[in-house]
Amino acid sequence: MAEPVLSRSLLSLTLGDLENSLAELKQPPYRARQIMEWVYSREKRVESWESMSNLPSTLRTKLAEYHPIRLPEVVTVSGSKDTTRKLLLRLQDGELIETVLIPASPALYGEESDRRTLCVSSQVGCAYGCKFCASGLDGWKRHLTADEIVSQILLAEKIAGERINNLVFMGMGEPMANYKNWLQAVTILNAPWGVGLGARKMTVSTSGLVDRIRDLADQSLQIRLAISLHGASDEVRSQIMPVNKKHPVSELMEACAYYGDRKKQMITFEYILIEGVNDDLSEARLLAERAKGLRAKINLIPYNSVEGLPWRRPSESSQEEFLSILRDRGVAATIRREKGHDIDAACGQLRRRVSAETPASPSVR
Ligand code: SAH
Ligand code: SF4
């Protein structure tokens with residue numbers, strides 16, 4: 001049976017969901033657009049039903065009960081030297097998540113220098129237990145609801161005082177394991193009545209859930225796909241990513257080919273360089289083969305240190321050597337110079353923990 005529309009948070013509803021809900025209350029459908037405009041239009045962005053002054057007050061009271069507006073509490077905003085900012089958010093049940101705002105960087109993106117990226121979390125913790133990743137260290141707690149995903153953008157825009165024009169689902173969790181809620185959130189973020197962000201400005205990263213990659217390929221949204229590859233052979237990849245035992249590299253490559261074909265777009269492979277683990281040059285050669293087969297581009301990411309984990313990044317000269325093998329074979333590859341390393345806000349450093357600057361007692365909103 002479908003979940004009843006009534007009594008779901010407003011920020012997790014599509015326009016259609018809200019119209020259905022209003023129909024149950026014998027209200028005209030145009031009200032749904034009015035309401036969405038109150039919460040999502042740039043000029044309004046209200047956070048309470050009381051502020052929606054063109055709705056009858058009895059209706060506001062009723063809707064506030066059926067569809068509360070739930071926004072997480074911003075616990076801390078830590079800024080780094082390069083002005084990457086990390087927002088620590090407390091959810092209704094007290095769980096903590098992080099979302100990271102990465103500002104424009106002409107040095108990195110050239111003329112695309114007005115790019116403001118938000119790195120969004122999709123779960124509390126992560127069940128996939130990759131050996132190098134902070135998010136998986138404490139295990140999986142729960143999925144985020146659609147409104148908890150949408151809220152990250154609303155809060156980040158409010159704090160930044162400007163529009164975010166690029167989203168990467170590369171925060172805590174595995175978005176593809178929370179497919180239903182994640183897709184609902186993406187629909188709201190993309191819709192003209194919602195946040196209005198183009199699907200091409202969104203990138204979802206996955207450790208390789210092949211069935212979901214195929215499901216997404218069959219959707220009409222032109223969202224970009226990034227694969228956390230980190231190993232080109234099963235031997236190397238299985239050592240650091242348990243998911244590879246279930247879906248080996250060849251199976252993953254087939255799903256990527258399917259995605260690339262359906263969407264007619266280039267896929268990105270993310271490849272963390274970890275000294276002595278996956279940085280052998282034979283792995284680089286195999287990686288180049290894999291990428292060429294799919295016309296994928298490669299993002300090399302020097303490993304970011306994670307407290308409690310023994311891994312290290314290779315020297316810069318070894319990183320360059322790895323890169324040149326890829327380039328010599330005609331593969332588009334770059335080394336990503338991370339931002340936010342000093343506030344543990346770089347990739348793989350997001351973790352379910354309360355950092356030193358966080359007040360110890362949980363406050364109730
Ligand atoms: N679960 C999804 C989405 C999270 S993305 C996925 O794994 O793709 C987080 C990205 O940061 C992934 O590419 C991940 O492999 C990378 N990452 C994890 N730990 C890292 C570390 N210590 N240093 C650099 N990148 C890391
Ligand atoms: Fe989970 Fe992705 Fe981290 Fe692996 S890399 S543990 S899938 S968040």
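**Charged side chains**

Modeller: Arg60 is placed in helix H3, which spans residues 57-66 (helices are DSSP runs of H or I with at least four residues, strands runs of E with at least two, numbered from the N terminus). The model is predicted, so local features need pLDDT of at least 70 and side-chain atom pairs pLDDT 80 or more, while totals for chains, interfaces and linings use all residues. Residues are numbered from 1 along each chain as its sequence is written, chains are lettered from A and ligands numbered from 1 in written order, and side-chain values use heavy atoms, without hydrogens or water.

Arg60 is buried but forms no salt bridge. Buried means under 20% relative accessible area, exposed over 50%, and partly exposed in between (1.4 Å probe, protein chains only); a salt bridge places a side-chain nitrogen of Lys or Arg within 4 Å of a carboxyl oxygen of Asp or Glu. For Arg60, the nearest side chain of opposite charge is that of Glu50, 7.1 Å away (Lys and Arg count as positive, Asp and Glu as negative; His and chain ends are not counted). The Arg60 side chain does, however, reach the backbone oxygen of Leu55 at 3.0 Å.

Side chains of opposite charge can pair when their charged atoms come close. A search of the whole structure finds 16 salt bridges. One of them joins the side chains of Arg8 and Asp17, with 3.5 Å from N to O. Arg8 is buried at a relative accessible area of 16%, and Asp17 likewise counts as buried, at 15%.

Another salt bridge, 2.8 Å from N to O, links Arg212 with Asp215. These two residues stand three residues apart in helix H7 (residues 210-217), so about one helical turn separates them. Arg212 is partly exposed, with 29% relative accessible area, and Asp215 is also partly exposed, at 31%.

Glu275 and Arg312 form a salt bridge as well, at 2.7 Å from N to O. Glu275 lies in the loop between strand S10 (268-273) and helix H11 (281-294), and Arg312 in the loop between strand S11 (297-302) and helix H12 (316-328), so the pair ties together parts that are 37 residues apart in sequence. Glu275 is partly exposed at 35%, whereas Arg312 is exposed at 54%.

Finally, salt bridges can be linked to one another in this model: Arg42, Arg45 and Glu157 belong to a network of them.

Notes
Polar contact = N/O pair within 3.5 Å; in protein donor to acceptor, adjacent residues only side chain to side chain.
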